[in-house]
Structures are given as C-alpha cells and as structure tokens.
Amino acid sequence: MTLFPQGGRPSLILASGSGARRMLLERAGLTFGVEASGLDEAAMRDAMGAPGSLDPGDVAEVLARGKAEAVSERNPDAFVIGADQVLSLDGRMFGKPASMADARARLLDFSGKTHRLYTAVAIAAKGETVWAHTDVPSLTMRRLSPEFIGRYLAAAGEGVLGSVGAYQLESLGIQLFEQIDGDFFSILGLPLLPLLDALRREGAIEG
C-alpha cells in the first residue's frame, strides 16, 4: 500500500541544493523538483551536543531526516528526499570547508590517511520520515605534497567547497586517492541503489 493511493503517483522532491545529488537522480531517469530545506545545519549540529559525544552516522541521519521533513511539511502531497554527509577522521567530524584556505588545510591533514564518509538519505511524506539509510565508505588519500594540493585546488576551483572532503571524486578529485572501499554513489552524496529500491516500495517511482 502506498501513502498516496487515491491520486496516483505523487510528485518527488529533492531537498538539497547539491549538484552531484541532482545529477545522480537525473541520470537515473527520475522526474523531480528541487527545494532547499532552509534549515540552519550549524545550529542543528550545535543542538545535538559536543562534537566528541556525537556519532557521525547519527548526525548525518538527523540532518537528512530534518531536511526531508521540513520540505515535506510544505509539500504534503509529495515524497521528499533529504540527504546529508559527515566526514570522520581520527575522531573528528567535518562539514563542508568554509573557504579555499580551509580546503587546503583539510587536504594537508587528510594526506596519507584513511577517512570515512557517513552518507545518510531519508524519504519523508506528510511531514514524517518513512525510510532512512546510512552508508559508510572508507577512502585513503595518497601522500600529497603541498605543491600538488595547491595545483589541484587551482585546477578544481571553488566547486570543491561543495564537498565535505574538499574533493570531487567524479572529476579531478579521483587523483587524490590510492584506495576506495565502498559505494561510489554514496561517496558522491547519495546511496542511490537503496534509495531507488525504497522509492519503488513506496510507490514514488515505477517498479
């Protein structure tokens, strides 16, 4: 039984301004709208407690659910997809870099180390989450010289500020890594296969 049996298949909304997530859904052949949640993510993180006391997966899921539910409340006749990604390294959590200087410092810190990406996705309907999932890929960076990082950032440009790791794996960012373990779609920001399966079960897309 779907949540919207009387009116046929409902509309689908992506509650994210991420170009990578939009690209993934478009290439999967989905028809959807895009609407930012408008939530203050920094305030939500602060409300969850001290950084050292939080599980990165819980943080990512709470934010994904919050985004989906906020947009769902404004669009009660649609299924809404919310997503979030938290990077964890050595017990520290990272959101998106605030500047190119921040991105440079981050890549210098990540050089030669393995970090994890906690990638959460949620589906909301009628203001409530009906499904959520978190995937955790691991990525190991090569040992990078400061000179290489400078050249990389100059070539990649400010688009890296949209990535929690200050890289875009679908383009030049792939050159930063020596090993990747996990789902490629999750690294880009959306666990696509579990999401599509859930959308089919809910009747949001054709099965």
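Strands here are DSSP E runs of at least two residues, and helices are H or I runs of at least four, numbered from the N terminus. This is a predicted model, in which local features need pLDDT of at least 70, side-chain atom pairs count only at pLDDT 80 or more, and totals for chains, interfaces and linings use all residues. Residues are numbered from 1 along each chain as its sequence is written, and side-chain values use heavy atoms, leaving out hydrogens and water.

**Neighbours of β7**
- Strand β5 (residues 114-125) runs antiparallel to β7, joined by three bridges; two strands pair if DSSP finds at least two bridges between them.
- Within that pairing, H115 has L139 as its bridge partner.
- β7 also pairs with strand β8 (residues 177-181) in the antiparallel sense, over four bridges.
- On the β8 side, D181 stands opposite S138.

**The whole protein**
- Seven helices and eight strands make up the count for the protein.
- Of its 207 residues, 46% count as buried.
- Along the principal axes, the C-alpha atoms fill a box of roughly 60 × 35 × 25 Å.
- Among contacts (heavy atoms within 4.5 Å) between residues at least 6 apart in sequence, 69% join residues at least 24 apart.

**Surface**
- The accessible surface (Shrake-Rupley method, 1.4 Å probe) comes to about 9,800 Å², and 49% of that belongs to carbon and sulfur atoms.

Key. Buried < 20%, exposed > 50% of the residue type's maximum accessible area, 1.4 Å probe, protein only.
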